Amino acid sequence: MKINFDEIIDRRGSNSSKWNVQENELPLSMADMDFKASPEIIEALSKRIRHGIFGYSDVSDEWKESIIHWWQTRHQFEIQKEWLMFCTGVIPAISSIVRKITTPAEKIVVLTPIYNIFFNSILNNGRVVLECPLVEKDGRYEIDFIDLESKLSDPQTTMMILCNPHNPIGKIWNREELEKIGELCEKHHVVVVSDEIHCDLTDPGKSYLPYASISKNCLNNSIVCVAPSKTFNLAGLQSAAIIVANEALRNKVNRAINTDEVAEPNAFAMSATIAAYHSQYWLDELRNYIFENKKLVREYIALHIPELKVLDSEATYLLWIDCREITNDSTELVNEIRKKTGLILSSGEIYRGDGFHYLRMNTAYPRKVMIDALNRLHHAIEMIKIGG
Ligand SMILES: Cc1ncc(COP(=O)(O)O)c(C=O)c1O
């Protein structure tokens, strides 16, 4: 089936967090997509609505089987049914896991720049963020493993939160990198939480490696969070899964999410997730469309706004744009762009590390909207250059 990702759907007035902005504004910030869900998902939800009763729901075997089948066929990773737990979101899962597996004042390592809400999960629970800044060289980020080991070996460090693939830089970690992280974390008794929410949104022809598939050690020392929410644009349905092979660790996580009351699905989560994992063709068309959007942004910026540099990205619909030729303060720059043209981008600063040199752009929009956004960005930068 050919999906029309060019269709522009007005999201104003739908209570969208992203679109709760002024009339002239165009938000390319928050990570959800301006595309309708797949026909399978809409049909499954319509059927659920027509049923008319929305009482309490259980986690179904069919839900577990749909996840097992997806990882087996798309990511060549065998998940056992008993490893799986439902959670109302990846962030609720991570916050709950942080509270259960670590104690206050302990340190949690993250590779920065990284998804900013991880900092909330750590800080709001009285734990300490221990940044291991990624090192950027010629537009590519690498892990400084010497720095990483020194941080993991701190006796107060008990957890590392990995983003695989990595938001905001769009990097897919390779086998060697994941293996090394696994070895170092085992050596220093640090539990790995691998957030794999962006794993399906790789560029066409590319795929990610599930952290737990790398080695026995990675499997036994990890808590993996996945979800259909980024892949299929279902964030508002609050559906995620936690995969833990290690029984002792799993029992703790299970207790944690139940104590925090984030282990029960709403009336739509099961149907939507099962239908999502029957929408392979939709996802493949989406990946092609997003790939073309990312190419368009890269080409447009190279031609019209050479002061900005778009970094290579192999995953996610997010682009990481170097703005250091214009400013060292990406927050001030996004504020200026918004003021001048209504275009809303995310400031890289919120992701820490060297993020103050970058802007983050969401590219999951119909192509005409992307062109509008790029024209606004061009106009804003021209005005900023002439001091207007
Ligand atoms: C890396 C990452 N993890 C988690 C989330 C949010 O997950 P959830 O809505 O399931 O809590 C996002 C959303 O952008 C994300 O980028």
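Biologist: What is the lining of the largest cavity made of, by class?

Modeller: In this predicted model, the lining has 5 nonpolar, 2 polar and 3 charged residues.

Biologist: What makes a pocket another kind of space, and what is the volume of the largest pocket?

Modeller: A pocket is an open set of points, with protein on both sides along at least five of seven lines. The volume of the largest pocket is about 1100 Å³. Its lining numbers 46 residues, and Met30, Ala31, Asp32, Lys230 and Ala235 are those nearest its centre. By class, 20 lining residues are nonpolar, 16 polar and 10 charged. Helices α3 (90-101) and α11 (330-341) each give at least two residues to this lining.

Biologist: Where does α11 lie relative to the strands?

Modeller: α11 lies across β14 and β15 (358-362), at about 50° to β15. Those strands belong to an open sheet of 4 strands with antiparallel pairing, in the order β11-β12-β15-β14.

Biologist: Which strands are called edge strands, and why?

Modeller: They are β11 (309-310) and β14 (346-347), each pairing on one side only.

Biologist: How do you know that β11 and β12 count as paired?

Modeller: Pairing needs at least two bridges, and β11 and β12 (residues 318-322) have 2 in the antiparallel sense, so they qualify. Valine 310 has isoleucine 321 of β12 as its bridge partner.

Biologist: What about β2 and β10, how many bridges do they have?

Modeller: They pair over 4 bridges, again in the antiparallel sense, with cysteine 87 opposite alanine 240 in β10.

Biologist: What makes you say that both faces of β2 are covered?

Modeller: On one side Leu84 and Phe86 are buried, and on the other Met85 and Cys87 are buried too. In general, side chains in a regular strand alternate between the two faces of the sheet.

Biologist: Glutamine 76 and asparagine 233 both have positive phi without being glycine. Why is each called buried or exposed?

Modeller: Glutamine 76, with phi of about 50°, sits in the loop between α2 (61-75) and β2 (84-87). Its relative accessible area is 60%, and exposed means over 50%, so glutamine 76 is exposed. Asparagine 233, with phi near 60°, is in the loop between β9 (222-226) and β10 (240-243). Its relative accessibility is 18%, under the 20% limit, so asparagine 233 counts as buried.

Terms used: Residues numbered from 1 in each chain as written. Predicted model: local features only at pLDDT ≥ 70, side-chain atom pairs only at ≥ 80, totals over all residues. Heavy atoms only, no water. 1 Å grid on protein atoms, 1.4 Å probe; cavity = no way out; pocket = protein on both sides within 12 Å on 5 of 7 lines; lining within 4 Å. Points joined across faces, edges and corners; volume = space filled by probe spheres on them. Nonpolar A, V, L, I, M, F, W, Y, C, P; charged D, E, K, R; others polar. Contact = heavy atoms within 4.5 Å. Axes fitted to C-alpha atoms, helices over the stretch in contact; angles between N-to-C directions. Buried < 20%, exposed > 50% of the residue type's maximum accessible area, 1.4 Å probe, protein only.
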